[in-house]
Amino acid sequence: MSVLVDEGTRLCVAGITGREGSFHTLNNRRYGTNVVGGVTPGKGGQDVEGIPVFDSWADAMSEAQPNTAMIFVPPRFAADAILEAAGAGVELVIAITEGIPAHDELRVYNTLERDHPGTRLIGPNCPGILSPGKANVGIIPASFFEQGNVGVVSRSGTLTYQIGNEIARAGFGCSSIVGIGGDPVPGSSFVDVLELFQADDDTELVVLSGEIGGSAEEEAAEYIAENMSKPVVAYIAGFTAPAGKQMGHAGAIVSGSSGTAAAKAQALEAKGVRVGRTPTEAAAIAVEVLGGASVGA
Amino acid sequence: MDLLEYQGKQLFARHGLKVSSGKAVTSVEDALVAADEVGYPVVVKAQVLIGGRGKAGGVKLAANESEAREHAANILGMDIKGHTVRTVWIEHASDIASEYYASVLLDRSAKQPLVMFSVEGGVDIEEVAERTPEKLIRHHVDALKGLSHEEGAQIARDGGADADVVDGVADALVALYEVWLAEDATLAEINPLIVTPEREVKALDSKVSLDGNALYRHPENQSLSDKENEDPLERRAKEEGLQFVKLDGDIGILGNGAGLVMSTLDVVAGAGGEPANFLDAGGGSNAETIKQAVDLILANEAVKAVLVNIFAGITRCDEVALGLIAAFGEIKPSVPFVVRLDGTNDVEGRRLLSEAALPNVHSAKTMNEAAEMVVALAAGQPVGAPA
């Protein structure tokens, strides 16, 4: 098994006719993901290398029955695209778009909660979800990951590749890699994804990759202590980040004394979660727990 | 994007929050003209993006022209924790009966707007929250409904505002919420929110942060922020569309992806080095971006060595290598580089670099090894064979 995307995924892409959108959609299809359509207002009836394009999510739903949406439209259109897909009944919306205003994210999050509780949002500003050997939705380079029993959940794309690749080189694979994104109001938090991994038969261990800003890692620590029987290994980026400076991601900012990497690592360790000081160390701890080569204490 | 006090107050006024009339000026002469306009006594306030202005002597009351002249002359050009005062705000001094606190912010954890109010204003609110948390009212607002006057009045009453100003405080809270919402702010704070002897409720200070991602729908706000005190390299990076933060060390850092770059800073610090910057060249960086990035890093004269740490996903290592080769052709760096290329097309990237035989460029296999090498090089120690 795996979480969120697999052989049953029926993907439809908002922004499929754009340069980035078409490139990554076709990449996902080559990987084996079942891409059933795309949505671009005004371009209904066209196709992108055989993938039908619809004018609206309602049309896409009645013609192609997608269960997963990928959002690739520019920031100013992204909030409405997410809500339109949810309104059409899509269960899983994965928003890749970076640069969406925080207030739009707040509106989307609360509107989904109130009006579309059946829809789960992953992202925005995320690399997507890969279930190796099954489906890839987003921009995660699949070649770095093997199929296996490690679940990965991360706020950062490249850091995920770094850690996943080190795990693969040690001979282990992943059940699913879920990028929840680096924005201040993500649709899904660490806790939401940890819950899925805990329930997934194929996931034996979870690697959580966090960073400065907000309190999602602290909340994850509480959740792990109370609800998870599977081991979790963590990595936190940004120990040396100065306060008040946004470090690339909109959500990666230490505000006053809150949101520091040290506080996050401490919160996790206080609940018995082992935290690697470098990505390499985090991967090594994961490998050790899985019964691979041991690392020094 | 953080605003100066007077810029925040201008936004406040735009949404009906009461502020004292005032003027932002950059010279002593203009300060005196402004003081005449708003009427003595006036307050001369340093406009810098740093707390503790009052303690540093950057906020002074002037009863007459000679005092105003003296204070403006002292404050203009003053250094407050590394920020040079280039602008002062002159406003008519307010009589104060009470000092309250009010703010609206985005609560990332609750995923709702959070309104905070306290009658213990004019002091560090984090201290109030710590010592007497019961005196800081925290009220979550339904983001889809907004803040009603009735809710605002309840917050004022819960916080213990004087009965005769509950209405005025509610008006202020609703207006502050409107500032936060309409201007796409992530924080809108008033400390102190004062009550005058005439029982008027007024914002005596402002702290506003705007969401940079939303500036496209606020063209009138794009020119705000403290341009004069912005780091020149950070300003240049912004203009070139690079994610760059200037730091205090001597090791230049170039990587792709915010998380990986933050991690690179940590690993370099762990190896005993001090990063000179954060620079995320982005997910799909091409040769041109890499060249621009190298140029920016080397524009910082403190840099003694540079670490290029790439784990390529969408990025391709051969593109990064070509960018480095092009950059070296034009810039001819005088400091050593350590390059770690991993991921998409890494073999090709390393081959290109090795064939180009760039002077003083060292290749590393892992992130940890790269960090150790660059720290040694910055300290003037030799490392293994060049790439």
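What percentage of the 387 residues in chain B is buried?

## Burial and dimensions of chain B

Buried residues account for 49% of the 387 residues in chain B. The model is predicted, and the values in this report are computed from it. Along the principal axes, the C-alpha atoms of chain B occupy a box of roughly 80 × 50 × 40 Å.

## Secondary structure and contacts of chain B

Chain B contains 12 helices and 18 strands. Of the contacts in chain B with a separation of 6 or more, 70% are between residues 24 or more positions apart.

## Domains of chain B

Chain B is assigned domain 1 (21-92), domain 2 (98-221) and domain 3 (231-378). Between the C-alpha centres of domain 1 of chain B and domain 2 of chain B the distance is 26 Å.

## Interface between chains A and B

The interface brings 48 residues of chain A into contact with 42 residues of chain B. On the side of chain A that touches chain B, two or more residues each come from helix 3 (75-87), helix 4 (102-115), helix 5 (157-169), strand 12 (205-211) and helix 9 (279-289) of chain A. Helix 4 of chain A is the element that gives the most to this side, with 8 residues.

Sorted by class, the side of chain A that touches chain B consists of 21 nonpolar, 19 polar and 8 charged residues. The size of an interface is often expressed as the accessible area lost when the parts come together. Here the interface is described by residues in contact, 48 in chain A and 42 in chain B.

How values were computed: Residues are numbered from 1 along each chain as its sequence is written. Chains are lettered from A and ligands numbered from 1 in the order in which they are written. This is a predicted model: local features need pLDDT of at least 70, side-chain atom pairs count only at pLDDT 80 or more; totals for chains, interfaces and linings use all residues. Domain bounds come from an automatic or database domain assignment. Two residues are in contact if their C-beta atoms, placed from the backbone, lie within 7 Å. Helices (H or I, at least four residues) and strands (E, at least two) are DSSP runs, numbered from the N terminus. Ala, Val, Leu, Ile, Met, Phe, Trp, Tyr, Cys and Pro count as nonpolar, Asp, Glu, Lys and Arg as charged, and the others, Gly among them, as polar. A residue is buried if 20 or more other C-beta atoms lie within 10 Å of its own, exposed if 12 or fewer, and partly exposed in between; C-beta atoms are placed from the backbone.
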